[in-house]
Amino acid sequence: PVWERKIGRDNRAEELTKLTACPDGGYLVGGKYFSQMINHAYVVKTDVNGIIKPGRIFGNVFRDYDLDCSDTPGDLPLQNRIVRAFRDSTHVYFGTTDALGNYAIECDTGNYVISLILPNSYWDVCANDVPVSISYLDTAVVDFAVQAAIDCPYMTVEHAITSFWLCDTAMLSIDYCNYGPAMATNAYLEVTLDSTLTYLSSTIPPSSIVGNVLSFPLGDIASEDCGHLDIVVDVDCDEEPGQVIWTAVHIY
């Protein structure tokens with residue numbers, strides 16, 4: 001072989017069966033990938049060397065506890081942070097940090113601005129919007145030292161609900177996170193149920209039930225930590241089909 005290239009994802013069933021040479025010397029490869037019980041069309045365009053994206057940008061995102069803008073002992077990696085590489089409106093690429101704070105972005109050649117997207121205004125970064133120039137088969141390393149701008153917790157919560165059927169049970173799935181730099185002490189949830197719903201059980205026992213309002217203690221939630229709560233409710237048998245049923249969740 002003159003060269004070999006690995007194409008595709010390790011965690012997805014893929015099959016490339018057609019290969020066509022293009023006028024520019026590259027190749028068009030076609031096939032399918034299998035996802036959620038469905039076959040999807042799959043087309044890949046490479047250059048003459050079988051490369052899809054000839055540039056690579058990688059780096060590390062970490063919590064800079066000692067405020068020296070460098071990765072030193074005691075600093076900790078930040079997971080699930082989004083890094084953006086912007087060249088123009090049609091060349092924008094993204095990467096997400098792993099458990100070690102590392103990210104990698106494959107891109108085309110050109111001049112880029114590399115930015116860390118902060119989750120909220122409680123965070124700051126030593127140097128952001130870093131310009132880099134990527135040539136063919138070139139790499140660039142851009143690290144981000146993240147510091148606390150407002151040393152407070154920043155709590156978020158969202159919930160989803162299964163379908164409601166009369167005289168049946170339903171489940172509320174609640175996810176919450178602390179996206180602030182500081183620990184949230186004695187955090188708790190308040191869940192308001194529609195009058196047509198009756199509380200049955202939950203993965204965290206409620207600390208109080210007042211009417212249709214339930215309180216759930218969460219304890220202390222460290223910075224970057226998240227949690228989950230499921231609530232099972234019973235749906236009233238006497239309601240009309242098509243009626244709107246609502247729930248509300250707040251975190252404190």
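# A tour of the tyrosines and cysteines

Start by selecting Tyr42, which counts as buried at 13% relative accessibility. Here buried stands for under 20% relative accessible area, exposed for over 50%, and partly exposed for what lies in between (1.4 Å probe, protein chains only). The model is a predicted one, in which local features need pLDDT of at least 70 and side-chain atom pairs count only at pLDDT 80 or more, while totals for chains, interfaces and linings use all residues. Residues are numbered from 1 along each chain as its sequence is written, and side-chain values use heavy atoms, with hydrogens and water left out.

**Stop 1: the whole chain**

Zoom out before going on. The C-alpha trace spans about 70 × 50 × 30 Å along its principal axes. The radius of gyration of the protein is 25 Å, whereas a compact globule of 252 residues would have one near 18 Å. That radius is taken over C-alpha atoms, and the globule rule is 2.2 Å times the number of residues to the power 0.38.

Of the 252 residues, 34% are buried. Among contacts between residues at least 6 apart in sequence, 59% join residues at least 24 apart, a contact being heavy atoms within 4.5 Å.

**Stop 2**

Five aromatic pairs are present in the structure. One of them is Tyr33 with Tyr42: the ring centres are 5.8 Å apart and the planes stand at 85°, so this pair is edge-to-face. Rings of Phe, Tyr and Trp (its six-membered ring) pair when their centres lie within 6.5 Å; planes under 30 degrees apart are stacked, over 60 edge-to-face, and the rest tilted. Tyr33 is buried, at 18% relative accessible area.

The rings of Tyr122 and Tyr154 have centres 5.0 Å apart and planes at 85°, so they are edge-to-face. Tyr122 is in the loop between β9 (110-117) and β10 (123-125), and Tyr154 is in the loop between β13 (144-148) and β14 (155-161), so the pair ties together parts 32 residues apart in sequence. Both are partly exposed: Tyr122 has a relative accessible area of 21% and Tyr154 one of 32%.

**Stop 2: the disulfides**

Select the cysteines next. The whole structure has three disulfides, each a pair of cysteine sulfur atoms within 2.5 Å. Counting bonded cysteines along the chain, the pattern is 1-2, 3-6, 4-5.

Begin with Cys69 and Cys126, whose sulfurs are 2.1 Å apart. The torsion about their S-S bond is about -85°, so this disulfide is left-handed. Cys69 lies in the loop between β4 (55-63) and β5 (76-77), and Cys126 in the loop between β10 and β11 (130-134), so the pair ties together parts 57 residues apart in sequence. Cys69 is partly exposed at 43%, as is Cys126 at 31%.

Move to Cys167 and Cys237, joined with an S to S distance of 2.0 Å. This pair links distant parts of the chain, 70 residues apart: Cys167 is in the loop between β14 and β15 (169-178), and Cys237 in the loop between β20 (226-235) and β21 (247-251).

The remaining stop among the bonds is Cys177 with Cys226, at 1.9 Å from S to S. With 110° about the S-S bond, this link is right-handed. Cys177 is in strand β15 and Cys226 in strand β20, distant parts of the chain 49 residues apart. Is each end buried or partly exposed? Cys177 is buried at 9% relative accessibility, while Cys226 is partly exposed at 49%.

**Stop 4**

Select Cys107, which is buried at 0% relative accessibility. Then select Cys152, which is in no disulfide; the nearest cysteine sulfur belongs to Cys177, 18 Å away. Cys152 is partly exposed, with 34% relative accessibility.

Note on methods. Helices (H or I, at least four residues) and strands (E, at least two) are DSSP runs, numbered from the N terminus.
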